[in-house]
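Hello,

Here is the structure I promised to pass on.

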Amino acid sequence: MIRALRRLDPSGLTLDAVSERVRAYLKLRPDTVKQIVTTLTDPDSSDLLEPVGGGAAAEVVQEAAADGDMAPDPDESRGDEAAMLKWEPEPVTADGASSGGAAARRAPDVLAILVQIYGSKATFVNEFRKMLSEKLLASASHDTEKEVRNLELLKKRFGDAALSACEVMLTDVAESRRISRSIQQHFGGVSGGGEGATLIDATVVSRLCWPSLPTDTFTLPAGVKKEMARFEKQFAHIKAPRKLVWKPSLGTVTLDVTFPDGSVGDVQCKPLQATILLRFGAQQRWALADLASELGIATDVVRKNLSIWLNRGFISEVRDAGGGAVFEAATSLGAGDESRHDAGEDEDGDAVASLAEEQRIAEMKVYEQYVIGMLTNLESLPVQRIHNMLKMFVPASGGDRGYDCSEQELQRFLMHMVEEAKLEHSAGQYRIAGRH
């Protein structure tokens, strides 16, 4: 919108006339900063970070606007005498006090206008720091080339001092890669830790420079705890007197899952999800309450993290003699409940598929209020638009995957809401039931 209005009216008066209400609306939304920073770090739109009219001039305009002062003329800031000689006074309809004055209106700097919404660059720097933390901790490869590029672009606009903590974070990742390789060489590669444990590749962070990290804990397998203790001991030897404080809920685990009739390699998941699957390697059948007690976490957390294995067919949900839910490991690759096949029930495949579908719909319940909110404001939307808006409003964060459903899965969920009489579907458009 900013660029379109700039093209229609280079003086900036039209943009200035409509921007106040838009700013007020965006400032009230809790996800505005996240979406702006996400857009800035998107390769397709990172040109927003490139200074317009010279890096120094753009930064001066931005800082003055952010502080609420009268912004200097950008032509004067970069010493463009030819442009200064072409200066013309503002139209009599211009409000010189709004949006930082005439120079701010004429400046074609989109980022400066976005920063004006909050009046300070600190809000955006903190959000970038949080997003950078999530990306670095979720990456198993320690590849930071993209993040370094984004940081260098941001430094041109926000300054080195404001982003010094982010620079330390990237340094921590590079140092962690070096330390992990050193410890792996000391141990001679992958060790025989037992219970499926593999050699640990840890990211060691500087506590004061990173955002607050989750402190969720659960009972790890004995083999994994043994590997962590060995890694910690060797780390203390290399980096004395520093000590490690583990955050077991963070990071990524890569597993090779083996069945009697085949195997699936390089399965990536969260540490808690991997721990749950390892429990089924030691004991094939678990009641939900027993598994939660074994892991030391709540049953609803266990069920949520079981969904990845239910959807893949590695674990199936069955009923015990009393009708209670019991989970058991599949006996073959992609198989459902073996006992039902033995009983000769032809509809077993449909039952397993139906169970998985019900589980997926239960997982997607968290998006119901988002959908209701969209349709309350916009009345009716096609599935493609709802899908794109959910990807925008529910990004991955804090170790959570965010909205990662396919358009077909969303359509099934929306039709389920239609069946529940919460939505209506007509001519490819979804709307709230009873609202016309």
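In these notes, rings of Phe, Tyr and Trp (its six-membered ring) pair if their centres lie within 6.5 Å, with planes under 30 degrees apart called stacked, over 60 edge-to-face and the rest tilted. This is a predicted model, where local features need pLDDT of at least 70, side-chain atom pairs count only at pLDDT 80 or more, and totals for chains, interfaces and linings use all residues. Residues are numbered from 1 along each chain as its sequence is written, and side-chain values use heavy atoms, leaving out hydrogens and water.

Searching the whole structure gives four aromatic pairs. W309 and F314 are stacked, because their ring centres are 5.7 Å apart and their planes lie at 15 degrees. F259 joins W309 and F314 in a cluster linked by ring pairs. W309 has 0% relative accessibility, so it is buried (under 20% relative accessible area, with exposed over 50% and partly exposed in between; 1.4 Å probe, protein chains only). F314, at 5%, is buried too.

W309 also belongs to the largest nonpolar core, which has 39 residues; I276 and L306 are among those with the most contacts inside it. Such a core is a set of buried Ala, Val, Leu, Ile, Met, Phe, Trp, Tyr and Cys residues joined through side-chain atoms within 4.5 Å. A second, separate core of 31 residues includes L5 and M131.

What does I276 touch, not counting residues up to four places away in sequence? Its contacts (heavy atoms within 4.5 Å) are L291, L295, V302, N305, L306 and W309.

Enjoy exploring!
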